[in-house]
Amino acid sequence: MQAANQITMDAVVHKNRLWVLLGDDLSGGDTTFVTHTRRSVNTTTWTSPTNQPANNTPATAASYTDVPLGVIIDFDNVLYAFIHDTTNRRVRCYKTADEGDTAWVAAGDLSSGQGARGKANWYDLQGDPAPVIGTAEGVWALDVSASVMQLIFPMPFNQDNCRAMVARGNRLYVSAGS
């Protein structure tokens, strides 16, 4: 499934398939990556959906561990991909309800030079269930009805913020950098 020039950035189960978000190393030196998804029903046979999230804009980083390229979340039977656009210093959200077979639709974006680090299913500012991501700048929720990212918990900038996130009950636990 994974070639020598690829890194797995994230994985999630969506509609009875395992989905992975991969970064292809275009430079051969772990500095320029393009993200794409693959899916499998049995972890032996992997296929690419007809369409991919984002526009294959290369992301540059000192190494694949330097800047996270993205996360994927299953929320309310929709697959969301939060892809880091290092050129424009943004995290762009894309969604697909049909497993990427027709198109991924833009679903909001936010300003972040460091990319999405953690993920959870929690709540937006209106109290509605929502996919949530963490960045070096804080915790963001996607208002799925308006396709708008909301900063729900600002944090002092630290590249190690939000590397781990988990929702339990009515609480969201987020790791903070020091």
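Select R163 to begin: R163 is partly exposed, at 42% relative accessible area. Here buried means under 20% relative accessible area, exposed means over 50%, and partly exposed covers what lies in between, using a 1.4 Å probe and protein chains only. Keep in mind that this is a predicted model, where local features need pLDDT of at least 70, side-chain atom pairs count only at pLDDT 80 or more, and totals for chains, interfaces and linings use all residues. Residues are numbered from 1 along each chain as its sequence is written, and side-chain values use heavy atoms, with hydrogens and water left out.

**Stop 1: the salt bridges**

D160 and R163 form a salt bridge, and their closest N and O atoms are 3.0 Å apart. The term salt bridge stands for a side-chain nitrogen of Lys or Arg within 4 Å of a carboxyl oxygen of Asp or Glu. D160 has 42% relative accessibility, so D160 counts as partly exposed.

How many salt bridges does a search of the whole structure find? The search finds four.

Now select D10 and K119. Their side chains meet in a salt bridge with an N to O distance of 2.9 Å. This pair links distant parts of the chain, with D10 in strand β1 (residues 6-14) and K119 in strand β9 (residues 118-123), 109 residues apart. Strands are DSSP runs of E with at least two residues, helices are runs of H or I with at least four, and both are numbered from the N terminus. Is D10 buried or exposed? D10 counts as buried because its relative accessibility is 14%. K119, at 23%, counts as partly exposed.

Next, pick R90 and D109. Their side chains also meet in a salt bridge, 2.9 Å from N to O. R90 sits in strand β7 (residues 90-96) and D109 in strand β8 (residues 105-111), so that the pair links distant parts of the chain, 19 residues apart. R90 is partly exposed at 24% relative accessibility, and D109 is partly exposed at 30%.

**Stop 2: the aromatic pairs**

Clear the view and look for rings. The structure holds two aromatic pairs. Start with F75 and Y80, whose pair is tilted, with 6.4 Å from centre to centre and 55 degrees between the planes. For a pair, rings of Phe, Tyr and Trp (its six-membered ring) must have centres within 6.5 Å; planes under 30 degrees apart count as stacked, over 60 as edge-to-face, and the rest as tilted. F75 is buried, with 11% relative accessibility, and Y80 is buried too, at 4%.

Then move to W122 and Y123. What kind of pair do the rings of W122 and Y123 make? Their centres are 5.7 Å apart and their planes lie at 65 degrees, so this pair is edge-to-face. W122 is partly exposed at 22% relative accessibility, and Y123 is partly exposed at 29%.

**Stop 3**

Zoom in on F82. Leaving aside neighbours within four places in sequence, the residues in contact with F82 (heavy atoms within 4.5 Å) include L69, V71, I73, V91, C93, I133, L142 and M149.

**Stop 4: the loops**

Select D76 in the loop between β5 and β6. D76 is exposed, with 64% relative accessible area. D76 has a positive phi of about 55 degrees although it is not a glycine. R89, in the loop between β6 and β7, is another residue other than glycine with a positive phi, near 55 degrees.

Finish at G113, in the loop between β8 and β9. G113 is buried, at 15% relative accessible area. Draw a distance line to D85: the C-alpha atoms of G113 and D85 are separated by 8.5 Å, while the two residues are 28 residues apart along the chain.
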